[in-house]
Amino acid sequence: MADKTSNAMWGGRFSTGPDAIMEAINASIAYDRRLAPQDIAGSRAHAAMLAAHGIISTKDAEAIREGLLTVLSEIESGDFPFSAALEDIHMNVEARLKELIGEPAGRLHTGRSRNDQVATDFRLWVRDQCDAAMEGLRALQTALVDQAEAGADWVMPGFTHLQTAQPVTWGHHMLAYAEMFDRDIGRLRDARARMNESPLGAAALAGTSYPLDRDATAHALGFDRPCANSLDAVSDRDFALEFLSAASITAMHLSRLAEELVIWSSAQFRFVSLSDRWSTGSSIMPQKRNPDAAELLRAKLGRIFGAQVALMTVMKGLPLAYSKDMQEDKEQTFDAADSLMLALAAMTGMVGDMTANREALRAAASHGFSTATDLADWLTREAGLPFRDAHHVTGALVALAESRGCDLPDLTLEDMQNAHPAITEAVFDVLGVDNSVASRTSYGGTAPANVRAQVARWRKTLAEA
Ligand code: ARG
């Protein structure tokens, strides 16, 4: 099909074909073949609209439709003869259509350019990725809510600076991530709504003199409306950037959770064990169970940040309208989307399968003076001390316990009263970790009762999604 002396699509003006290196730098077919389903859907919508408005004949439109379906099935079955000489998916499909149906294939491109064609295909593809990412995030939220429900009252240390801070519940910690991933879903939903306008019919950059029905093609492809400005329609890739931005923030959240899984599954923490399905061994150290999936996920997500920076950089110097630089939008976005989907699936698998070690969580929460704040609060509430003074008295008691190598509940009442005479036996009630978490009933606090109420809310939200 590829004619080396004059390109089939624009050969009229050229006397020789491209240099081999030119072909190598120019061709995108190695990766943009992924846009085949979107490209064919766009062409079908365009051809049907051209026929509906008498711009091409119904007979030609029918031949185009049949031919495109054949092309799609050839691509799906792996029988399609992709050619680098034909640059990209758009020209590969059209050239094959010509082989299959002859002359009517040449009428498909009426009132259309590859510029609006690629912008349409890519929007459709990125829109699908938004949907897939939202679905993946919902599955992950479900796994987190399952964990939260099982461990609504399991006590663990909450950290700041990775130093023991105050006891929290396992369920509360899991639901913190459910919240973060919900905002990620919101960002993807917003991006999807904004990108859902059709560039098709913008043609090369200026629109066309053919009486196209852009509403019809927009509607056929599931867009809310056509883009209102033809220059904008073919020039911007902000929709991909918005996807990459939302994906980057999601990736950052996933990576933090991955980091926690790596820390928690260590022999020093033992907060969780990852299942065999999500661990690997060592070829030399027989005791090893490595959290490789969490580590790889943490690392792989860097690609998404990279893609966002790369595409920003591609776009930032381009005058309107289309420049070939924009062909570099796809590989980065494809790779980022693949990395995101893989990371979401891996994280959902790990969270769903992991077992929290309830005893280890509790033991860790009981060390490190995690209830010192409860003691200071007790002094303020029961003995009427200003909080700053209560903080000081408690600090002295922590120092005392530390010097004895014990924890706060191990001090005697006499020790306590030496620090402040108003302290009574009742103080010991607040030094236990269960009472500590149970008391945190402020809205959004870690109390098991709150966690259970939030689990119920999440169940409802996820069922409605
Ligand atoms: N493969 C090209 C891309 O991805 C398609 C658009 C080509 N347009 C052009 N004017 N050369 O951007």
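The largest pocket is lined by 15 residues, and Phe159, His173, Tyr177, Arg256 and Glu260 are the ones nearest its centre. A pocket here is an open set of points on a 1 Å grid over the protein atoms alone, where a 1.4 Å probe fits, with protein on both sides within 12 Å along at least five of seven lines; lining residues have an atom within 4 Å of a point. Helix 7 (170-195) and helix 10 (238-264) are the elements giving two or more residues to this lining; helices are DSSP runs of H or I with at least four residues, numbered from the N terminus.

Before going further, note that this is a predicted model: local features need pLDDT of at least 70, side-chain atom pairs count only at 80 or more, and totals for chains, interfaces and linings use all residues. Residues are numbered from 1 along each chain as its sequence is written, and side-chain values use heavy atoms, without hydrogens and water.

Now follow helix 7 to its contact with helix 20 (residues 448-464), where the axes come within 10 Å and cross at roughly 35 degrees. Axes are lines fitted to C-alpha atoms, over the stretch in contact, and angles run from 0 to 180 degrees between N-to-C directions. In helix 7, Gly171, His172, Leu175, Ala178, Glu179 and Asp182 meet Val451, Gln454, Val455, Arg457 and Trp458 of helix 20, with contact meaning heavy atoms within 4.5 Å.

Elsewhere, helix 12 (residues 302-315) packs with helix 13 (residues 329-353) at about 160 degrees, their axes 9 Å apart. That makes the two roughly antiparallel, a term for angles over 145 degrees.

Methods:
Parallel < 35°, antiparallel > 145°, perpendicular 65-115°, else oblique.
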